[in-house]
Amino acid sequence: MRYDFSVLMEEAKRESEKSTCKHRVACLLVDEKSNIISKGHNYHSERSKRLGKRTIHAEYDSIRGVRKPSHNLVAFIYRYGKSEYGNPIHSCACCEELLRAYGITKIISMNEYKLGD
Ligand SMILES: [Zn+2]
């Protein structure tokens, strides 16, 4: 499977710039034809003042745009950084589990994609 990596990269960068967090992260949910079905970024939730700010992860933000199950999708994770393909990033255990619940088992770190491809 070949993804249109430069297009995905552009979108991921643009999406990560919406983040309100120190480490700006974007997640793209991409189908087998390299179409971006949903995308998301991390941000601080203001909802619970008592418990303090919660961070909504990019994976969670993006998954809201798709239905269960979504076996055909692959998750691309990007972390904003000065280098061309961003900084190293991996999904946390919670997000991995969330994606898996939707049938999304392939999570690709964009920083590593070029190296491994
Ligand atoms: Zn997470």
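Which residue is the bridge partner of L29 in β2? The bridge partner of L29 there is S38, and the points below build up the picture around this pair. You are looking at a predicted model, in which local features need pLDDT of at least 70, side-chain atom pairs count only at pLDDT 80 or more, and totals for chains, interfaces and linings use all residues. Residues are numbered from 1 along each chain as its sequence is written.

**The whole protein**

- The protein has 4 helices and 6 strands; these are DSSP runs numbered from the N terminus, with helices being H or I of at least four residues and strands being E of at least two.
- Along the principal axes, the C-alpha atoms fill a box of roughly 45 × 35 × 20 Å.
- Of the 117 residues, 32% count as buried (20 or more other C-beta atoms lie within 10 Å of the residue's own; exposed means 12 or fewer, partly exposed is in between, and C-beta atoms are placed from the backbone).

**The sheet**

- Four strands form an open sheet in the order β2-β1-β5-β6, with mixed pairing. Here, two strands pair if DSSP finds at least two bridges between them.
- β2 (36-41) and β6 (107-109) stand at the edges with a single partner strand each, so one side of each has no neighbour in the sheet.
- On average, neighbouring strands of this sheet are turned by 20° against each other, direction ignored. Axes are lines fitted to C-alpha atoms, for helices over the stretch in contact, and angles run from 0 to 180 degrees between N-to-C directions.

**Strand β1 and its partners**

- Strand β1 (residues 25-30) runs antiparallel to β2, joined by 5 bridges.
- Between these two strands, the hairpin has 5 residues, and S34 takes a positive phi near 70°.
- β1 is also antiparallel to β5, with 6 bridges joining them; V30 stands opposite V74 in β5.
- In a regular strand, side chains alternate between the two faces of the sheet.
- Both faces of β1 are covered, with V25, C27 and L29 buried on one side and A26, L28 and V30 buried on the other.
- Because 6 of its 6 residues are buried, β1 is largely enclosed by the rest of the structure.

**Helix α1**

- Helix α1 (residues 5-16) lies across β1, β2 and β5 (74-79), running at about 135° to β1.
- Its buried residues are L8, M9, A12, E15 and S16. Seen down the axis of α1, they fall within an arc of 135°, so they line one face of the helix; the arc is that of the directions from the helix axis to the C-beta atoms.
- The face of α1 turned away from the buried side carries the exposed residues S6, E10 and R14.

**Residue S62**

- S62 sits in helix α2 (residues 58-63), and it counts as buried because it has 27 C-beta neighbours inside 10 Å.
- Leaving out residues up to four places away in sequence, S62 touches C27, L28, L29, S38, K39 and G40. Contact means that the C-beta atoms of two residues, placed from the backbone, lie within 7 Å.
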